[in-house]
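This briefing walks through one protein structure, topic by topic. Keep the sequence and the 3D view open while you read.

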Amino acid sequence: MILTLLMVTPLVGALVLGVVPRANERLAKIVAASFSLATLAGSLALLARYDISEGGYQLVEKHLWVKSFGVYYALGVDGIGLTLILLTTVLTPIVLLAAWDDRLPEGQKFHGYLAWMLGLEGLAIGVFSAMDAALFYALFEATLIPIFFLIGAYGTGPRTYAAVKFLIYNLVGGLLMLASIIGLYFLSSRDGSASFLISDLVGLEIGAGAEKLLFLGFMAAFAIKAPLFPFHTWLPDAAASATPSTAVLMVSVIDKIGTFGMLRWGLGLFPGAAEWATPVVITLAVISVVYGALLAIGQDDLRRLIAFTSVSHFGFIILGLFAMTSTSTAGATFYMFNHGLSTAALFLIAGILIARRGSASIGDFSGVQKVAPVLTGLFLIAGLSSLSLPGLAPFVSEFMVMAGTYTRYPAAAIVSVSAIVLAALYILVMFQRTMTGPLREDNAGIRDLNPLEMASLAPAIVLMVGLGFFPQPLLNVINPAVDATLTRIGVGDPPPETPHFPAPQAEEGHG
Amino acid sequence: MTEYLTLSMLLFTIGAAGVLIRRNAIVIFMCIELMLNATNLAFVSFSRQHGNLDGQVAAFFVMVVAAAEVVVGLAIIVSIYRTRRTTSVDEASLLRF
Amino acid sequence: MLDYAWLLVAIPLVSGLGLLVWGKEADRFGHLIGTAASAASFVVGLGAFVQLLARPADDRTFSKTLFTWIHAGPFHVDMAYTFDQLAALFVLLITGVGTLIHVYSIGYMAHDARRRRFFAYLNIFIAAMLTLVLASDYLVLFLGWEGVGLASYLLIGFWQHKDSAAQAATKAFVLNRVGDVGMALAIMTAFAQFGTTVISDVNASVSSASTGIATTLGLLLLLGACGKSAQVPLQAWLLDAMEGPTPVSALIHAATMVTAGVYLIVRSNGVFDASETARTAVVIVGVVTLLVGAWIGCTKDDIKKALAGSTMSQIGYMMLAAGLGPAGYAFAIFHLLTHGFFKANLFLGAGSVMHGMNDDVDMRHYGAIRAAMPVTFVTFALGYLAIIGVPPFAGFWSKDKIIETALAQSWWAGLGALIGAGVTAFYMTRLLAMTFLGQKRWLDDVHPHESPRVMTLPLVALAGLSAFGGALAIGGWITDWLAPVTGEVHEHHLPAPAWVISLVVLAVVALGVLLGLRMYAARAIPGETPADREVSIATRAGRQELYGNAINDAVAVRPTRHLVRTLVYVDGAGLDAFVTGVADRLGDSADALRKQQNGFVRSYALSMVTGALVVLAALLAVTLG
């Protein structure tokens, strides 16, 4: 029940916002924040109830939903799903707090704005815990609706264009996945009753050709969502037109559905096809890493820059997933969490800057450090985490991805290592141009962070530093789930070529 | 038997041609009625031929529907005539690209 | 104490972070806390060192695991430290010189509104540098490695309201990151090859792998070392880094951080012992850099940049020594220590001079400061004697050994080192003469005065170390001490008796000094830097830092910029245009089809009839055919 409760709490919150008096925006904000905090508390309870030592799917609820199609309302979490649910529930209160002082377009009220965000949270929790392919698909598509309205109704700039582009691009991907879902139905109904349960689908016998087609359908949806080069062009537009809070939810949480889907549904259901597609996916992932970083260097709009850094980071995540070593895949899963945190911090601080200055163009800033030292400091920390400085959580995950990948695909790892130079370039040059140098007159009015803003950013910063030095608590949750997935696929880790200390063992053998 | 069907066919064709060719809404309306009645004739003939009442039931249905249709249709035509002072259907072509 | 050696890192780290978070209330005493933290660290280090001394010679490696940092599949990294002979020396250097520089900074930064933050950064640097030298695992070393990079970034850009400082900071970090690519790849290679990233395990296993692996590892580590230690080809950031406050230049960009590359190579001696090629590469890098640095040092009129050139050059010596294998490791470390003393001394002396000269760094505006700043002059002169290698000062003992060992192994390395010694004597004499001797060339409103006691005391202490640091080599103590870490030194064959070599070196040094005195002490020096066309090609090249920036520009910066611009264009006009193009084409075809909705009831009726007929025909065709 706890998963259903967790999913329903924010959805109920969204409905409650509908009956809050239209004039009382403050009450709406408080209601929204309370529901998101309740969800956070629920997710912590979930973490407590989850038995880490046991691993596997836990807290499963299963009810038959549509009998004739074998669709179940089935929820359950493994370590990977749990990690992403935690990410969702941690970030939502942060973005709600950060949205406190947002300026909405004429005629829009906070009620709807916050309600869509809560709705998105509930749907995301559902997606991360769905154990039925049809349920997953339904929730996957449903997440498009809140984002469409969050961008289209509450965004800035050419928001309608961005929202429609986002919606159509993602719908196309979803459609291809729907085709695969239908294909799965035919295959599973072939021998007796159909079922969309992941446990039944895993055992399904699929011909090699059909498997490839089905895999491609799923992969198309996930590659667009993630986004993987060359399907990334919707992201910068959407990110630049969204409010900072929306951008965070979209990039940090919802885009993770793409990479999460690749791991659970793509690799999990179609291991053979995944191996077949690996060379292409790895190549695209490496291109994403380098391409995203290079494009980030060339951006003038802060939000587009951050969007492109995410393209680069998603490249790392996908690279780690498809390298299929226990180190790289665990690293990639951990990266999903860390990227959520670091991008959230970056987007929110950039959002504050943009709101204060009234411009998103890097060229319009200079010397902000002088008037807003705390903001500058936190921006630097967020930036450093984005460039994977050791001591901050993203480094651990990025290095795990690269080291794990190196053991199987050295060339891919070597090319992607170049991103550590490029990342330093795009973050530090941006930092240098905006924060340092002489203070520009039109920047003098930029206020430093207020306590509310600091409070909303603090959890993300603390988590990034904490997980940078002590990643093990979260890795302990992730590792068993990743190992189980990889065992199912049937790939082992490449052994070291000359393992350390072969000599003493040999001596023992002789003795 | 064939005679009835031939008549029905002729009436239907005349009706269809009228719908396609004429512009006056009233005439088009009458042509539609003609087509409906041609169908009724066919229904009844088949009913007779097969020796059951299904066709006759269907013919009654058609009549009821046609009556209802006349009510709505004529009302529309009258209101178009009131606003536009014409009953030509080509004039009422606002619902287009 | 050994059990609590983690306090070495923890104390300055907590102090540094605490000072940052504490806020303005700590402005009054932040510098004192920072200095106390550094001093406390030194005391812990000293205690641990004494304990190590008390242990038997073959049991002087103390390792302790604090907790598991990362564990996933075969990848396992422990947060562990190793306090051994090599680490002990570094700990004492970092905390000792670090504390002196903290004390000095109290005076130097007294009038800076952000002094608390400066001390916080210094403390973070100390913590990171100690992490680097105490790490048992390459990845933990990397943590410290990047940590010092961050501290260096923050401190170079400390006066970030200046564009030049901010740019220098970014440049330093990015060039360091290029080196870090090498480090990262080296760690990954070690992991893929040996399944471990523990430093001692990797170095023990290298011999059982192929030479190719050893060479790869060695070259990758060398790349990392080049970045951090400002060696050719990644040298360009160090001179710009002088934008930072002078104590930073002394601590980070002279005495400690920039020598981390040398530490890395000595620490990875197992790798370099296994690969002749990698060692040769290290020697080449060392020789080239020591000459390039010396060349640049001869031409700069900015006192800090001249010293920075000298730092490059001296680290070149250490690299050269480290590349000579077991024979050289100990001397590399020895020179690293003595250089830490005398270069910190020289930089702080320069800072003292700048302090008295209204922060002017142009030596053309100095001259005859000797009388105005006697303590600074005397301490600086001791540092000067140490760096040019006059016996019995510290630099003589270490540099002489390096030249000797280099000559024993290859004539060209030895020759390079010998020439370097002469040039060093020349540019240091030039520096000393232009600053302290000759005629006054002071600008108006400049009234040089001796610095406060809090600044001169560290100078005196460092001068003492510069003078007597050579004592470490008495009876070969330092080589014996380091032997368990770096391997035994075998007797090598010298082309001439050692005393002859020493005499030759001294003769070359004397030549450099005389030339320097002739050109800069005996003659009047113009108060303005001569224009480029009035000086020789060699000087012009030196002023341009041998075109390092131009080369970087041509090789990396401009191509990257073009690539970025092209890709931005391709992304918009290619990829995105394709996607939106597909959408537009769909829209166009919809527009075309829309024309069918002409609003004429009759044409709709006609299409219905036609459709009905088609369906009918199809049905007939199926049933009849």
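Gly13(A) is buried, because 24 other C-beta atoms lie within 10 Å and 20 or more are enough to count as buried. The model is a predicted one.

**Gly13 of chain A**

- Gly13(A) sits in helix α1 of chain A.
- Beyond its neighbours within four places in sequence, Gly13(A) is in contact with Val31(A), Ala32(A), Phe35(A) and Leu118(A).
- Between the C-alpha atoms of Gly13(A) and His232(A) there are 32 Å, and the two residues are 219 residues apart along the chain.

**Helix α2 of chain A**

- Helix α2 of chain A runs over residues 25-49 and has 25 residues.
- From the first C-alpha to the last, α2(A) reaches 36 Å, which is close to the 36 Å expected at 1.5 Å a residue.
- The buried residues of α2(A) include Val31(A), Ala32(A) and Phe35(A), and these three are also contacts of Gly13(A).
- An α-helix has 3.6 residues a turn, so residues three or four places apart point the same way.
- What covers the buried residues of α2(A) includes α1 (2-19), α3 (79-98) and α4 (110-129) of chain A.

**A hairpin in chain A**

- In chain A, strand β1 (residues 58-66) pairs with strand β2 (residues 71-77) in the antiparallel sense, over 6 bridges.
- Opposite His63(A) stands Tyr73(A), a residue of β2(A).
- The two strands form a hairpin with 4 residues between them.
- Gly70(A), in the turn of this hairpin, has a positive phi of about 70 degrees.

**Cis peptide bonds**

- Ala226(A) and Pro227(A) are joined by a cis peptide bond, with omega about -15 degrees.
- Pro227(A) belongs to the loop between α9 (208-225) and α10 (234-241) of chain A.
- In chain C, the bond from Pro391(C) to Pro392(C) is cis, and its omega is near 5 degrees.
- Pro392(C) is in the loop between α16 (374-388) and α17 (394-409) of chain C.

- Ser388(A) is not a glycine, yet it has a positive phi of about 60 degrees.
- Ser388(A) occupies the loop between α16 (373-386) and α17 of chain A.
- Ser388(A) counts as buried because 28 other C-beta atoms lie within 10 Å.
- Ala230(C), which is not a glycine either, has a positive phi of about 55 degrees.
- The loop that holds Ala230(C) runs between α8 (211-228) and α9 (237-240) of chain C.
- Ala230(C) is buried, because it has 28 C-beta neighbours inside 10 Å.

**Chain C as a whole**

- Chain C has 24 helices and 2 strands.
- Along the principal axes, the C-alpha atoms of chain C fill a box of roughly 120 × 65 × 55 Å.
- Of the 625 residues in chain C, 57% are buried.
- Among contacts in chain C with a separation of 6 or more, 81% are between residues 24 or more positions apart.

**Nonpolar cores**

- The largest nonpolar core has 422 residues, and those that touch the most other members are Ile318(A), Leu319(A), Ile349(A), Leu320(C), Ile333(C) and Ala344(C).
- Helix α6 (residues 163-194) of chain C gives the most to this core, with 19 residues.
- Another core lies apart from it and has 13 residues, among them Val19(B), Leu36(B), Ala42(B) and Val89(B).
- Leaving aside neighbours within four places in sequence, Ile333(C) is in contact with Leu86(C), Leu89(C), Val266(C) and Leu482(C).

**Contacts between chains**

- The contact between chains A and C takes 51 residues from chain A and 48 residues from chain C.
- Elements that give two or more residues to the chain A side include α12 (271-297), α14 (326-357) and α21 (472-489) of chain A.
- That side of chain A divides into 29 nonpolar, 19 polar and 3 charged residues.
- Where chain B meets chain C, the contact takes 10 residues from chain B and 11 residues from chain C.
- The chain B side of this contact has 7 nonpolar, 1 polar and 2 charged residues.

Terms used:
Residues numbered from 1 in each chain as written. Chains lettered and ligands numbered in written order. Predicted model: local features only at pLDDT ≥ 70, side-chain atom pairs only at ≥ 80, totals over all residues. Contact = placed C-beta atoms within 7 Å. Nonpolar A, V, L, I, M, F, W, Y, C, P; charged D, E, K, R; others polar. Buried ≥ 20, exposed ≤ 12 C-beta atoms within 10 Å, placed from the backbone. Expected span 1.5 Å × (residues − 1). Pairing = 2+ DSSP bridges. Core = buried A, V, L, I, M, F, W, Y, C linked by C-beta atoms within 7 Å.
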